[in-house]
Structures are given as C-alpha cells and as structure tokens.
Amino acid sequence: MSYLAKPKFHHPAIETNELGFTHRDYEGSISTLCAGCGHDSISSAIMRACFELSLPPHRIAKLSGIGCSSKTPTYFLGQSHGFNSVHGRMPSVLTGANLANKDLIYLGVSGDGDSASIGFGQFAHSIRRGVNMVYIVENNGVYGLTKGQFSATSDRGSKSKKGVANQDSAIDMAAIAVQLGATFVARSFSGDKSQLVPLIKAAIEHRGAAFIDCISPCVAFNNHEGSTKSFDYVRSHNAALNRLDYITTRAPITTEYEPGTTQVVTLHDGSKLRLAKIGADYDVHDRVAAMHHLHTKQASGEIVTGLIYMDETPHDLHDSLDTVDTPLNELNTPQLTPGQKALDGINASLR
Amino acid sequence: MKPTDISNPNYFHKVVDCQWACPAHTPVPEYIRKIAAGDYTSAYMINWKSNVFPGILGRTCDRPCEPACRRGRVEDEPVAICRLKRVSADYKDDVRGLMPTPDARNGKRIACIGAGPASLTVARDLAPLGYEVVVFDQDKQAGGFMRTQIPKFRLPESVINEEVGYVLDLGVEFRGGQRIDSLKSILDQKFDAVFVGTGAPRGRDLEIPGRAEAAANIHLGIDWLSSVSFGHVTSIGKRVVVLGGGNTAMDCCRSSRRLGGEQVTVVVRSGFDEMKASPWEKEDAMHEGIPILNWLVPKEFKHQKGKLTGVVFEKVKAVLDAKGRRDLVPTGEPDTLIECDDVLLAVGQENAFPWIERDIGLEFDRWGLPKLDDKTFQSTIPNVFFGGDAAFGPKNIIWAVAHGHEAAVSIDKFCQNENIAERPSPLTNLVSQKMGIHEWTYDNGVSNDIRYKVPQKSPEIALRDIKTEVELGFDPKLGYAEAQRCLNCDVQTVFSSKLCIECDACVDICPMDCITFTDDGEESDLRARLLAPASNLTQDIYVQDGLKTGRVMVKDEDLCLHCGFCAERCPTGAWDMQKFALEMTHAGTGCRSKA
C-alpha cells in the first residue's frame, strides 16, 4: 500500500517487445489496494500478456464496474482507454463500446460481487451474445471493500475470517460461462502467472466472448484457514487441466513434450496455444464433457484450473448482427445518410 | 544452491558497495543521510571516527567508493560521495567538544615516525586509550604529504591545520623538525612499540641523455611540490613540460599554471585512459588549459649552454605480445620536440629507508620494502609496525588511514600481551526501519536525478593565486540534492521464508525486476533463469529456501534501488527493510580478547 510512485528506473537490460516497449510501459498508476492483493498480481499478468503480444496500448479499452477488482484498471495500461462504470453494468457498457468500435481490444475487469451478484444478468447476456472481449472476474469470494462478507462465489461451508460458515451455495462462474455459450472459458489463480499469462494472451487473441474466472485471494479478509479462496487452499486443491504454451506465429517451439500428451489449439491470428495435458485425458473442445468435469471436480472439493473450453471457430456479436467491416464510429455522414434515392429504394423494397 | 547466510558480516557489507570499496569502510549512506537531514556535525563525526580526515579527504580522496556506487549502475554517474564528505566538514558546528577525552596514561609509550595520515591515525586511535604517543617528523608541522604534496588550491592549509590539530590535541606529543636518521636510536629509547609511517618519499628520476647537463631546469615532481608548498619555489618558466600520468603530474601541471607557466603540457607514455591519474583530476587539469599528450616516450633532454631547451619524444603505440602483455613499440614516425624552459618529473615514487640500519633484525624484501604481515603490519622486529605508503608502496590517504587503524589494533594488542594475529571481526547489526505501513526511517522515494557539479572558481581567478581553492564545494542546498541521490544501500532487503505466502506482490512491484520465485538450481543456472538475468557476477544473489511451494526466492542484489517497495507490498512482513550497521574493530576494548 505504497503512496509513492514506482521509481522510473528500470533494469538496464530490460527486454523490449516488437513495438520497442518494455513491460514498464504497460504500467498504470500505483496501486492503492492492500499489500499482497491477488488483484495486483492479475494486473501484472495483464500487463505482461499485453507486453508479450506487443499490443499498442492505445488499441485497448479496459472497462470495469465497482469493487476492489474494478479499481484495478487504473493500475495497469495507463496509456489505454478506460471506463469505470456503474456497479455491475460493465458488460453493457462494454457491449455498447464494442458495437460502436469493433477494432479495439476489450478488456472487461470485474469481481465476484460485480459479476455474480448485482451484475449477474449483465454478465450472462454479454456472454450469451458473444461480445468479442476478454471478461476477467477477479474472484476472491468475499466483499473486501465492505470488510469481508461472503460473496455469491463463496463456497458453502467456507469460513469467514471470524469463523462463521457460509450457508449459501456458490455460483461457479466458469461453469455458468460454459453453459451460457462463452467460446473461451478458463480458470486460473493469481498466484500462478505461468498459467495465467498465456491464458490471458490466448483470450485476447480469441475472437468472441472469452471468460476467465481468476481466483484472487483477499489477503485482508479471505486468506485464513477455512477459506476456500486462500493461497494455501487453492495451491493444495488445484486440479490443473493443462500447462500452457502460447506460441506466436513467428517464435519457434522450444519445449518438447511426449507425443499424445499435448493438444494444440489455433487462435484467431494464427498463433497457437499448446496445452500440455496434466492428469486425465481432457478435450478442451468438448463442451458437455467440460461441464461434467467441472461439476465432478467441484463435488470432490477440487478447483479446476487451466483452459476449460474453447471453440476454435467462434461467432461474435458483429457476425450475428452482420455489421459492416468499418467500425460504426468511423462511418461518416454520406454513409449514414445515403439520401433520398437510397431511402426510396428501401421503401420500394418494402412495398 | 545453498541459501544465503546473511549472518555472515560480509554479505550485507558487500551490498553497501561504497562502504565495501572504502579501505576504511566508512559508513557512507549513514553519513549522507545525516547531511540530507542537515546534521552536518553527526555526519562529520561518523567520518572522523572512520577516516580521521573528513575535510582533507572530502577534497582529495582517491574515492574508491565512487566507481563502486550502485547509483552509477542504475543511472549514469555515482553519488558525489567525496564532495558530500566535504559538505559535512564545511558546515559542521564546533566539534571540539565531541572529541574523545584521553584515558589516564597506561604507561605504554609509542613512537610514530613520520606525521602523515598513517601515523596520525595510529596516534588518533591510541592516544585516547591512554598511550603516550610521540610523533616525529622532519617538517616543522604535522601532516606529511597531505601538507607538502597536495597543492593549496586543492587543499587549503586551514583544513590541514584543523584536522591534524584534532589528533594532536588528544595529548599526542609532536616532535617536528626532527629528522630520524636511525631506527636503532628510536628503539634504544625503549618505546613499547614503534610505528613507521614515513611514506614513499623519493621521486623516481629519468636517466636519459641530457639529464645531467640540463639538471638546473629538471625537477623531481614531489620535491618541487613540497618546495612550492613551503614557499621556497615561487616561479617557473613560461613553458613547462610535465612528464608522467599520475595525480602528482596533475598537481605539478596545475601548480605550474599558477607560478608563471603559460604553456604547460603533460606528456604521458601510455594512452589517456590508462593514465593513473583520477579522471576528475585529468578533467580539472584540462579545464585549466593544460593539454595532455599521450603515447610519447621521452628520449632526450635538449639543452644549450647548461640551459634546458626542450624534450625529444618518440611516438609509440601499444602492442600486445604473445603472452597478452602490453608493450610500447615505436611507431616509426619522426620524433617530436617540445620546447620548454622547465621539466617536472612525475614518473613515480619509491620507498626509501636509508635511515633503517640493516643489522638490527628488520628484514626487507627484494623490492626494498619491509617484510610485513599483511594483516597485522608487524615487521620482523616484533614491536615495529609499518603502515601507509611505507608499508606496501605508494597508494593514497585513505589507504594510509586504513593501515593506521589496523596497525593501531596490532599495537594495542601487542602492548596488552595479546596475540595480534587474532583480529575480531567487525560488529554488525540489522535493525528494521519500518515506522508505519508506508513509512520508513529513510527517504525511500527514488527518482532519476543526474549528478550535481561542484561549483568552481573561474580559472581566471583561480590561476592567479596558488593558494586560492578552486572548488567552492556544494552549498547546503546542492549538498541536500546530491545527498538525496544516495540509494541507502545499507538499508537491506531482508527476507523471511517462514512468513512468505508467495503472493508475488514483491515480484510485481519491484521496479528493477530483482526478485524471482523459481525452482532451485545451481547458481549459474539460477542467475540465467531470473526475471532479469543476473549477469553481474561481482554482485551476489540472495537465495532463500523454505517456501511452501518448494521454490526458492532469489533476489539479485546488483541493481536493487533499496526503495523498500517489496517490503511495503508484502502483506505478511516477509520482506523487511533493515539497516545494516558495521562497526569496524578499532584499537581499544573491542579488539581485545573478551577474557
């Protein structure tokens, strides 16, 4: 919880990406979240992913609602567009922005309160419609800003900091996203950047509704014994499906795996995501099996992480609406008001 | 790899690069913080305890600390440590009341031969303990080469008088104007111990044709400088050639400019970068309109009717021989003649001990230096110790001070009938600097800020009088600004695995990407796998195991800004900023056996 700005100094041998930016160029202002907050790690993973993909920061729009998680867009991508909306209304604002300018990369950042409670309906419909976005829920299972009440994603039986057990059943955001028709669904953990960063990269490259449920321990109110969203609990109950390697169209493949143990999925821009399978044979393309697997593991108290489901030929909102190739905000007066002659033509066609 | 043992006093000491590089291990960041706080007196006393001559060193030190300074690695230039030391000396209050009061006499008598920095340090360390210290010097005033060799425009006499005075005022007996011609005579006076700090008093000569014939206009640099210092020499010819590339050469050429030399040229055998002179001294000389010519080897002094007319030089270049050694070979170009009225030879200094009898048991090595124990400075006569330039050949003031401290420890233990080879290690301490969630006892906000220049008198004024000090020193405002460039490297990042929950907060916040949590491995493997590779092998990596995931925490010390952000971001206090204090073992109870 530092109020001092991060020094401008950087490592003299710092890496630069294709745009000549360093990862420091993707930073935002200094975080005011609690020291050790999982959300800050997720911010860091987002910056890392954007840096590694060499994304021009001004081509990214970050949108959020209300809550600790929704504060985070201030702390990353300081050169990007941002919109901090009303509580739970991020998905609608994002949908509108996306309709107006489909050329930007949309990053929806939300929390379990913002998306699983007040904004649950908004979340559901943006996913249903297949808005081309990366929707990240920074899920800590607790209302941190109001001092630690259970949230809608707290597991039944999970204990509060004061030792009270939660009686309500939990919403599994990833399972719901699969059910709602998200074409890219993953779950990860703020404490495992080696998994989270490639997932965010793949989600950005995915052209459709990409949803990431990211468990993010709240160090102030939900990192104690009895919590199912603590660092220790997640680490010991992590049923990772796959290890991920994001492979750009150019970079050579460096790691080798035993044949049959990997699955390669192709992303929109031709880059590939290679999944090294861990444990049971799992096909990320099988939606029904994915749902089954999530429920089975949940019943045994395990947390499924990794890429859960992916449709390699997604369909997004603009496809459904059959919009023109030019983003709507770039259409000018002659295109938008084609004149009497065009109107007459349309009217004639309706007679 | 093996986890780092931070209880080893050297580990964190090495992280404080300036302190580690300083022969006397002055706690640099500590006194710089005092300067920033405006507490010049405390800053001065910290220095005084460690290096005895803060005002003198703040103007003349060879500053091994500065090339070592971490600021130089993360930005362009190091903190102006040396000139900050001067700030403490310039703006301190009266410090006489803070000087130690000597204990009652313990009955032991110590002779120090030569009144330079090494001897005066021995006297400073021993007199307060009750020793009766007698310092002998051929000159009437104490100070040695600090007084006779360093031109007054770099080091005013008042500063020497003040700081030499602090030492002599501790009840030290100074016998000036008394040249010692026999060590035996001193030994016969039944001193309990004798310290020889006679420096390297002989300037090296240059035997080339014409040397004898033109002798009237060819001067040995160090002798000439002391003649200037004493006022015996007040002028020099209009055209002067200074031979040599060390700091003495720089003092000679700049002094010449002030005594009537209009065309003063420094001529050096080797290249500019290989010159022994400190970069800033070369800069100061060039700033006064003195060209430095390189790759020229003097061949002959030209003369007419017993008067020097010039020097002939052969042009050379550096060639590496089969063994990779550098050799200077003639380029074959025609020789160069530089016409001049006077030549100053500054081609090196030598030790000379004609006054030590060779039959009293004191052994010399084949280079004519006394055989000494390199830690205790004890000679082959058990109660005779050496230090400063007299011990291992010409170095500089700060080394002389460091030798003096060590020799004083030896003498103290020797006089207390202890084994002088047993050297207690320095005392160290680590204390948390945390005052609040984001408050520390030190200024941890680090910002880019280039080194401030020390204001100088303009050359027109400075060149008029040899006693006018060229550098004006930082004023308190500039001193504060420069002090704030210090990264507080003594405030250490201390990690405790037990408390760590591996949340990555420190990794994410570190501006220099110093911290990595990764699988264990051998050091070379680990160094390559870090977030930012640790390629500077002279800097340690800090490794701790015992984490829940079985990984190790690795921190590259090299470029750490000591900004404390890792500790501020740590939710469990696994990182803490702790000030490392190192107390050198000086003579006195600290160096003696605890029994």
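N488(B) sits in the loop that joins α19 to β20 (491–495) in chain B, and, like everything described here, it belongs to a predicted model. The residue is not a glycine, and yet its phi is positive, at about 55°. Is N488(B) buried or exposed? With a relative accessible area of 6%, N488(B) is buried, because the cut-off for that class is a value under 20%.

## Helices α3 and α19 of chain B

Two packed helices are described by the angle between their axes and the distance between the axes. In chain B, helix α3, which covers residues 28–36, packs against helix α19, which covers residues 476–483, at an angle of about 135°, and the two axes are 8 Å apart. The two helices are therefore oblique to each other, since an angle has to be over 145 degrees before it counts as roughly antiparallel. The crossing in which α3(B) passes α19(B) is left-handed.

Which residues make this contact? On the side of α3(B) they are I32(B), I35(B) and A36(B), while α19(B) contributes G479(B), Y480(B) and A483(B). When the residues of this contact between α3(B) and α19(B) are sorted by class, five are nonpolar, one is polar and none is charged.

S88(B) is part of helix α8 of chain B, which runs over residues 81–91, and its relative accessibility of 0% is why S88(B) counts as buried. Leaving out residues up to four places away in sequence, S88(B) touches I35(B), Y40(B), A43(B), Y44(B) and N47(B). One of these residues, I35(B), also takes part in the contact of α3(B) with α19(B).

Helix α9 of chain B, made of residues 117–126, has 10 of its 10 residues buried, so this helix is largely enclosed by the rest of the structure. Its buried residues include P117(B), L120(B), V122(B) and L126(B), and also R124(B) and D125(B).

## A buried arginine in chain B

R154(B) lies in a loop of chain B, between α10 (145–148) and α11 (157–168). Its relative accessibility is 11%, and R154(B) therefore counts as buried. Once its neighbours within four places in sequence are set aside, R154(B) is in contact with R59(B), T60(B), D251(B), R254(B), E281(B) and E469(B). With one of these partners, E281(B), the side chain of R154(B) forms a polar contact of 3.0 Å.

In chain A, helix α6 spans residues 173–180, and its buried residues are M173(A), A174(A), A175(A), A177(A) and V178(A). The N-terminal end of α6(A) is capped by D172(A), which has a side-chain oxygen 3.0 Å from the backbone nitrogen of A174(A). Just after the helix comes G181(A), with a positive phi of about 100°.

Helix α9 of chain A (residues 287–299) packs against α6(A) at an angle of about 160°, with 10 Å between the axes, and the two helices are therefore roughly antiparallel to each other. Their crossing is left-handed. In this contact, A174(A), A175(A), V178(A) and Q179(A) of α6(A) meet R287(A), M291(A), L294(A) and H295(A) of α9(A), and the classes represented are five nonpolar, two polar and one charged.

A116(A) is found in helix α4 of chain A, residues 112–116, and counts as buried because its relative accessibility is 5%. Apart from neighbours within four places in sequence, A116(A) is in contact with G111(A), A152(A), T153(A), I171(A) and M173(A). Among these partners, M173(A) is one of the buried residues of α6(A).

Terms used. Residues are numbered from 1 along each chain as its sequence is written. Chains are lettered from A and ligands numbered from 1 in the order in which they are written. This is a predicted model: local features need pLDDT of at least 70, side-chain atom pairs count only at pLDDT 80 or more; totals for chains, interfaces and linings use all residues. Side-chain values use heavy atoms; hydrogens and water are left out. Axes are lines fitted to C-alpha atoms, for helices over the stretch in contact, and angles run from 0 to 180 degrees between N-to-C directions. Helices (H or I, at least four residues) and strands (E, at least two) are DSSP runs, numbered from the N terminus. Angles under 35 degrees count as roughly parallel, over 145 as roughly antiparallel, 65 to 115 as roughly perpendicular and the rest as oblique. A crossing is left-handed if the near helix is turned anticlockwise from the far one by less than a right angle, and right-handed if clockwise. Contact means heavy atoms within 4.5 Å. Ala, Val, Leu, Ile, Met, Phe, Trp, Tyr, Cys and Pro count as nonpolar, Asp, Glu, Lys and Arg as charged, and the others, Gly among them, as polar. Buried means under 20% relative accessible area, exposed over 50%, partly exposed in between (1.4 Å probe, protein chains only). A polar contact is a pair of N or O atoms within 3.5 Å; within protein, one must be able to donate a hydrogen and the other to accept it, and residues adjacent in sequence count only if both atoms are side-chain atoms.
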